[in-house]
Amino acid sequence: MSDLEAFRAETAAWLEANCPPEMRQPARGDEDACWGGRNATFKPGQKEWLDKMAAKGWTVPDWPKEYGGGGLSRAETKILNQEMARLRCRQPLSSFGIWMLGPALLKFGTEAQKKHFLPPIARGEIRWCQGYSEPGSGSDLASLQTSAVDEGDHFVVNGQKIWTSYADKADWIFCLTRTDKNEKHKGITFLLFDMASEGVTTKPIELISGASAFCETFFDDVKVPKTYGEGVSSVVYEVNKGWDVAKYLLGHERSMISGMGGGGGSLSLGQQLSDAIGRDENGQMVDPILRAKAAELDVDLLAFRAMAERFGDTFKAGMCHPAQPNMMKYAGTEMNKDRLELVMSAGGSAALEWESEASNGGKKSRDWLRTKANSIEGGTSEVMLNVVSKQILQLPNK
Ligand SMILES: Cc1cc2nc3c(=O)[nH]c(=O)nc-3n(C[C@H](O)[C@H](O)[C@H](O)COP(=O)(O)OP(=O)(O)OC[C@H]3O[C@@H](n4cnc5c(N)ncnc54)[C@H](O)[C@@H]3O)c2cc1C
């Protein structure tokens with residue numbers, strides 16, 4: 001047996017023995033996932049699963065061990081994801097710290113910042129939110145106006161962010177601030193601070209569904225210390241060089257939103273729709289038109305997963321085109337919208353119901369509505385296409 005085969009067998013055995021049964025059911029949505037944090041509340045099985053996975057470093061399997069990770073190679077990480085998907089184990093932690101800030105700190109952080117911030121992210125102790133968008137600065141993010149003024153041993157931050165997901169539940173924020181009004185991209189600083197700081201307020205934005213996943217976030221004379229202890233600066237990278245960090249982080253965010261980390265465990269669309277609308281005497285989906293469409297989208301998904309795997313390898317090797325995350329985000333989110341549209345049309349009006357146990361709290365319709373936001377958050381599809389057309393296809397910039 002090769003080392004990787006042995007690793008697969010051990011991993012599968014450990015997951016079987018340690019994953020609580022509740023964590024082997026799909027989450028109903030964002031609110032059913034475990035987000036950790038100082039004020040975390042846990043549903044049955046979540047805390048046990050989080051603690052066990054964090055102890056092995058498997059909340060962030062490919063991060064180095066000294067920062068709370070599992071130290072796994074890329075091949076081992078893939079095996080872990082595959083076995084988790086096969087055994088239907090949930091991810092133990094949903095976290096902007098893992099998906100966004102962590103990778104940026106691994107690249108741009110100092111050793112002291114990595115040791116200070118990364119392990120609590122890996123253990124799910126600190127929940128982070130993303131302070132990027134402002135009223136008037138969404139797609140044109142670099143026009144942001146929230147200011148951070150240097151006052152010696154601290155910065156004073158004033159301004160407003162918007163669409164800050166879960167700002168009202170987050171412990172800390174990674175925040176883009178303007179430190180030079182005369183420079184657009186070269187006047188931005190990437191700051192880390194506590195949401196409990198005096199002068200930070202959040203106001204949830206109520207959505208049509210009644211949920212409020214976003215907030216307006218206000219900063220009124222917020223004092224942000226320059227350091228949080230020996231060498232632990234609140235600035236990531238350097239003052240006025242935050243745009244480099246912001247762009248790198250967006251690349252990770254876009255890859256994550258594209259669904260690349262999905263692991264490939266869910267049933268194919270063909271299987272899902274056949275289960276929902278029935279099979280003929282040959283075991284095939286009864287409706288031939290839906291069957292053909294589902295097959296087309298399932299083939300697209302397989303192609304996307306193959307492309308995502310290649311992208312992951314080239315990214316790890318530092319050989320990936322800088323605009324590739326834009327391409328992946330566009331392809332993944334638009335494909336996912338098409339898949340969920342088909343699920344809804346196959347389900348008819350019953351698919352719109354969203355309260356009963358039978359519909360798993362309306363999982364289909366909620367997933368369908370959520371896909372609409374995927375092609376906006378982290379940069380819209382139109383903006384992704386602009387970047388692909390200029391940077392990959394080299395089309396003229398009119
Ligand atoms: C679910 C969700 C979660 C989010 N979470 C966060 C968060 O946690 N933190 C955060 O900071 N932000 C967050 N956002 C905000 C998100 O990043 C912005 O919505 C996004 O960048 C678009 O900006 P905007 O909403 O200001 O739209 P605008 O930039 O005003 O765009 C409006 C429309 O114009 C189009 N458009 C704009 N510029 C161009 C162009 N050059 N060419 C062609 N078309 C263009 C866009 O495609 C869009 O259709 C979230 C958004 C969503 C939907």
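1. A crossing of two helices is called left-handed if the near helix is turned anticlockwise from the far one by less than a right angle, and right-handed if it is turned clockwise. In this predicted model, α6 passes α9 in a left-handed crossing.

2. The geometry of that pair is as follows. Helix α6 spans residues 242-257 and helix α9 spans residues 324-347; they pack at an angle of about 25 degrees, and their axes are 8 Å apart. Because of this angle, α6 is roughly parallel to α9. On the α6 side the meeting residues are Gly-251, Arg-254, Ser-255 and Ile-257, and on the α9 side they are Pro-325, Asn-326, Lys-329 and Thr-333. Sorted by class, this contact has four polar, two nonpolar and two charged residues.

3. Helices α1 (residues 3-18) and α2 (residues 46-56) pack at an angle of about 150 degrees, with a distance of 11 Å between their axes. The two helices are therefore roughly antiparallel to each other. The crossing of α1 past α2 is right-handed. From α1, the contact draws on Trp-14, Leu-15 and Asn-18; from α2, it draws on Glu-48, Trp-49, Lys-52, Met-53 and Lys-56. The residues of this contact comprise four nonpolar, three charged and one polar.

4. The structure holds zero disulfides. For Cys-89, the closest cysteine sulfur is that of Cys-19, at 3.8 Å, which is too far for a bond, because a disulfide requires a pair of cysteine sulfur atoms within 2.5 Å. Cys-89 counts as buried, since its relative accessibility is 9%. Cys-320 is likewise buried, with a relative accessible area of 18%.

5. Two residues call for a check of the backbone. Most residues other than glycine have a negative phi. Arg-88, although not a glycine, has a positive phi of about 60 degrees. Arg-88 lies in the loop between α3 (74-86) and α4 (96-108). With 47% relative accessibility, Arg-88 counts as partly exposed.

6. Asn-240 is found in the loop between β8 (235-236) and α6. The relative accessible area of Asn-240 is 23%, so this residue is partly exposed.

Conventions
Residues are numbered from 1 along each chain as its sequence is written. This is a predicted model: local features need pLDDT of at least 70, side-chain atom pairs count only at pLDDT 80 or more; totals for chains, interfaces and linings use all residues. Side-chain values use heavy atoms; hydrogens and water are left out. Axes are lines fitted to C-alpha atoms, for helices over the stretch in contact, and angles run from 0 to 180 degrees between N-to-C directions. Helices (H or I, at least four residues) and strands (E, at least two) are DSSP runs, numbered from the N terminus. Angles under 35 degrees count as roughly parallel, over 145 as roughly antiparallel, 65 to 115 as roughly perpendicular and the rest as oblique. Contact means heavy atoms within 4.5 Å. Ala, Val, Leu, Ile, Met, Phe, Trp, Tyr, Cys and Pro count as nonpolar, Asp, Glu, Lys and Arg as charged, and the others, Gly among them, as polar. Buried means under 20% relative accessible area, exposed over 50%, partly exposed in between (1.4 Å probe, protein chains only).
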